[in-house]
Amino acid sequence: MSKVLIIGAGGVGTVVAHKVANDDVFTDIMLASRTKSKCDQIAQAIGGNRIKTAQVDADNVQELIQLMQSFQPSIVINVALPYQDLTIMDACLACGVNYLDTANYEPKDEAHFEYSWQWAYQDRFKEKGLMAVLGCGFDPGVSAIFTAYAAKHHFDEIHYLDIVDCNAGNHGMAFATNFNPEINIREVTQKGRYFENGQWVETAPHAIHKPLNYPEIGERESYLIYHEELESLVKHYPTLKRARFWMTFGQEYLTHLRVIQNIGMASIEPIMYNGVEIVPIQFLKAVLPDPKSLGANYQGQTSIGCRIRGVKDGKERTYYIYNNCDHEAAYQETGTQAVSYTTGVPAALGASMMARGIWKGKGVFNVEQLNPDPFLAELGELGLPWIEKIDIDLEL
Ligand code: NDP
């Protein structure tokens with residue numbers, strides 16, 4: 001039995017709140033965010049007085065500590081923005097609370113993300129006997145759990161890993177991002193990077209691309225981009241000779257992105273406008289569609305999985321494990337599209353694993369370090385069924 005505090009009332013927070021509300025292990029649930037009215041709306045949609053709400057500025061450790069001291073959660077699910085990871089981890093340490101998130105820390109003034117900042121909390125979480133689980137969304141999250149499952153059950157050694165992320169949905173808008181626009185644009189406009197033969201290889205943004213076939217979807221142009229789980233996976237699976245991440249983008253999306261960059265709207269450098277300091281990408285976020293609003297007209301599926309090559313019993317083997325998620329079905333259940341859904345379901349399930357003591361440990365963990373079996377045994381029932389294919393052409 002457990003008390004859970006969810007921080008962040010965006011698209012992902014909405015899904016987490018729905019799933020946590022249906023999980024009996026959580027006796028008390030609080031949803032807190034910068035704008036309390038958004039928390040109230042979500043709590044009302046779920047109904048049954050199941051969810052309490054609160055206002056909190058998660059950039060402020062003291063405010064977080066006060067909230068945690070008054071509610072006394074055993075777990076915090078952080079689905080605010082990556083900027084808040086460290087302040088929330090600090091407050092968890094101060095109050096003796098376990099922690100889970102879906103995206104690694106990024107400083108606001110530098111479009112750069114890596115695990116070093118959060119891995120540096122290892123000893124402090126260990127000393128306090130607390131558990132922090134990092135990156136428990138879909139990618140990062142299920143992508144790493146799929147990899148752990150493959151390594152445990154299907155391979156003696158994994159050598160080549162390609163994480164493939166396709167969104168074949170159509171929301172009918174000229175341009176919109178599927179999750180927080182600021183974070184999303186910062187992620188997809190950075191240089192490409194992959195791991196090969198013990199080294200990181202950097203490319204110009206979107207320089208490497210090829211058509212890949214996705215189940216029930218067909219062929220989609222897929223672009224090599226850097227993604228955070230590559231960093232922890234190559235550390236935890238030293239047999240990997242190569243690890244890459246591919247994401248599909250339509251031509252229309254890429255053209256808009258190029259224009260946004262060329263005219264300086266993707267910049268994170270503050271500028272003065274009419275005597276007020278603004279950050280162009282934050283202003284852009286304010287005028288772009290709210291990702292939460294896309295759900296109502298979103299049709300089609302996402303397909304995210306891992307294509308792995310390695311050896312089993314002395315023979316080469318190929319393996320593909322994936323989930324397809326339907327935007328309309330996600331919307332009917334939670335009022336959000338499949339990108340928020342595929343992130344929120346694993347976060348809620350990860351927290352449930354911790355609350356039930358199925359995932360336990362002291363310190364800071366990436367999800368591939370935890371037992372994938374009980375998690376994957378429940379993921380399908382919770383809305384994200386997965387499929388495995390063995391010894392097929394991986395196209396990569
Ligand atoms: P949204 O922008 O929709 O929601 C973010 C929420 O956090 C908003 O409610 C926002 O408040 C709140 N917030 C922002 N800053 C603060 C603050 N200082 N204090 C309190 N609350 C704050 O984002 P998403 O729901 O799309 O994404 C949530 C997280 O999920 C992000 O970290 C994102 O990177 C991650 N993600 C992970 C994926 C994965 O597969 N691992 C995939 C997609 C997303 P307000 O409403 O006032 O703006």
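These legends describe several views of a predicted model.

**Figure 1. Overall view of the predicted model.** The protein contains 14 helices and 18 strands. Taken along the principal axes, its C-alpha atoms fill a box of roughly 55 × 50 × 40 Å. A compact globule of 396 residues would have a radius of gyration near 21 Å, and the value for the protein, 20 Å, agrees with this. Of the 396 residues, 49% are buried. Among contacts with a separation of 6 or more, 70% are between residues 24 or more positions apart.

Figure 2. Domain 1 gives 15 residues to the contact, and domain 2 gives 15 residues. On the side of domain 1 that touches domain 2, the largest share comes from H1, with five residues. That side of domain 1 divides into seven nonpolar, five polar and three charged residues.

**Figure 3. The shell around the ligand.** There are 34 residues around the ligand, and Gly10, Ala58, Gly137, Phe179 and Asn180 come nearest. Domain 1 and domain 2 each contribute at least three residues to the shell. Helix H1 (11-21) supplies at least two residues of the shell, and so does helix H13 (338-355). By residue class, the shell has 15 nonpolar, 13 polar and six charged members.

**Figure 4. Ala351 in helix H13.** Ala351 has 29 other C-beta atoms within 10 Å and is therefore buried; the cut-off for a buried residue is 20 or more. Leaving aside neighbours within four places in sequence, Ala351 is in contact with Val4, Val20, Ile75, Ile77 and Leu100. Lys241 lies 110 residues from Ala351 along the chain, and the C-alpha atoms of these two residues are separated by 32 Å.

**Figure 5. The buried residues of helix H14.** Helix H14 spans residues 372-379, and Pro372, Phe375 and Leu379 in this helix are buried. Seen down the axis of H14, the buried residues fall within an arc of 70°, so they line one face of the helix. The buried residues of H14 pack against helix H7 (142-153) and against H13.

**Figure 6. The cis peptide bond between Asp139 and Pro140.** Most peptide bonds are trans. The bond joining Asp139 and Pro140 is cis, with omega about 10°. Pro140 has its place in the loop between strand E6 (131-134) and H7.

**Figure 7. Asn197, a residue other than glycine with a positive phi.** Most residues other than glycine have a negative phi. For Asn197, phi is near 50°. Asn197 is found in the loop between strand E8 (192-196) and strand E9 (199-203). With 8 other C-beta atoms within 10 Å, Asn197 is exposed, the cut-off for exposed being 12 or fewer.

Figure 8. Glu395 has 14 C-beta neighbours inside 10 Å and counts as partly exposed.

Definitions and conventions. Residues are numbered from 1 along each chain as its sequence is written. This is a predicted model: local features need pLDDT of at least 70, side-chain atom pairs count only at pLDDT 80 or more; totals for chains, interfaces and linings use all residues. A residue is near a molecule or strand if its C-beta atom, placed from the backbone, lies within 6 Å of it. Helices (H or I, at least four residues) and strands (E, at least two) are DSSP runs, numbered from the N terminus. Ala, Val, Leu, Ile, Met, Phe, Trp, Tyr, Cys and Pro count as nonpolar, Asp, Glu, Lys and Arg as charged, and the others, Gly among them, as polar. Domain bounds come from an automatic or database domain assignment. Two residues are in contact if their C-beta atoms, placed from the backbone, lie within 7 Å. The arc is that of the directions from the helix axis to the C-beta atoms. The radius of gyration is taken over C-alpha atoms; the globule rule is 2.2 Å times the number of residues to the power 0.38.
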